[in-house]
Amino acid sequence: MSVRARLRATVPAPLPSSQAGPPEITGLPGRRLLVQRSDDAIVAQPLDDAFAARAGASVRFPAPWPRRRGTWEVAPDATWAVFAGVHAVRAVDASGAMLWEVRHGCWSGGCEEIHEAYEAYADRRDHRYPESGSVGFSADDRLVWAHVRGPLPEGELSLDTADEWLVIDAEDGRVLARADAEAVAAGSAHLPHPTDPAQMGLSIGEGQDGAPLRWGRWDGKELTVDRLDGDLCLLSLSPSGDRLMTVSHDQDSLAVRDSRGVVVEALDWNADAAIPRHPEAPADEDELPVCWDWAGGFLDETTLIASTTESDEDCGQYRHWLVDTTAAHGFVPVAYPSPVSCDPTALGGGFWSTLSPSRDVLQVWSADGPEG
């Protein structure tokens, strides 16, 4: 038995795929944005509850450096954006004017300089392929959390600190707190608690070396960082923020955990045991590798969307899965009206999205009942 996917909306990208990265839908229900980054700018388009663009509401944020030189985040109200670059975290408004900037150590290899500006290294061959950090907004938009390469210009936490985790006042850019992230990252992603502005998740990728997961709590005076056990990729938080969806670094385990990292009883699925053989797998292949993708998330408080596209690639159609985390523990494939070509992204409110093969349209889906 499978679950039918119902196409609820098609959302065209605001920029041509030849000029920009793939479009994304960000934000919680009621505050969703369609965002896309080119080398020159971020375009943000507020969406209504039916995922239609709000007329006349599109905003363009000029970028201080090319898109392959860092990450970015648009404020939930689409009035400003934050760019996490190689040498600084910079906030800008729609005119491109800098609202504030926090400079930090360089993300490029062994560079130990604290650069004054992007132009100082823009043409340097040894800065072409930097690692990167990330930023995230708190639930009330008053804080920006930033994962940066240390040290800051005002000094390092200790000689052993490589990466730092910052809490920044969103209004004026003051660094309110600093902590050792205890990582040497190639990249990272912030996942904010949906209702509590004092809590934030940080999923760090260290390439082949591991995937440290951190959980931060800011009480207004002190930043406390929990270091969750194991190499885990944090994919999503439930609408209440009480549960985390993780996939292990080696992609063999999908789990639901509490904010301390403890697996919720019976909500841990090993790929070899949980994923059935692909129906299009060659008959003479007795053992085929299976793994979870680092993709998916919570559709609501008790339902996940997950995928196995990486291990399905050599067999045929990619597979997505709906996971019921209640006592029923249902685990069923999603049946699409036409083949999909990428991993799913959870949007909350019962919706998820996939990207068209041409990477210029987002398709928004919901579950529409059993099939077969």
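Modeller: Buried means under 20% relative accessible area, exposed means over 50%, and partly exposed lies in between, using a 1.4 Å probe and protein chains only. Arg178 is partly exposed, at 24%. This is a predicted model: local features need pLDDT of at least 70, side-chain atom pairs count only at pLDDT 80 or more, and totals for chains, interfaces and linings use all residues. Residues are numbered from 1 along each chain as its sequence is written, and side-chain values use heavy atoms, with hydrogens and water left out.

Biologist: Which residue forms a salt bridge with Arg178?

Modeller: A salt bridge is a side-chain nitrogen of Lys or Arg within 4 Å of a carboxyl oxygen of Asp or Glu. Here the partner of Arg178 is Glu164, with the closest N and O atoms 2.8 Å apart. Strands (E, at least two residues) are DSSP runs, as are helices (H or I, at least four), numbered from the N terminus. Arg178 sits in strand E13 (residues 175–180) and Glu164 in strand E12 (residues 163–169), so the pair ties together parts 14 residues apart in sequence. Glu164 is buried, at 1%.

Biologist: How many salt bridges does the count come to?

Modeller: The count is 14. One of them joins Arg217 and Asp226, at 2.5 Å from N to O. Arg217 counts as buried at 19%, and Asp226 counts as buried at 18%.

Biologist: Which residues are linked in a network of salt bridges?

Modeller: Glu113, Arg124 and Asp126 are. Arg124 is partly exposed, at 27%. Glu113 is partly exposed too, at 39%.
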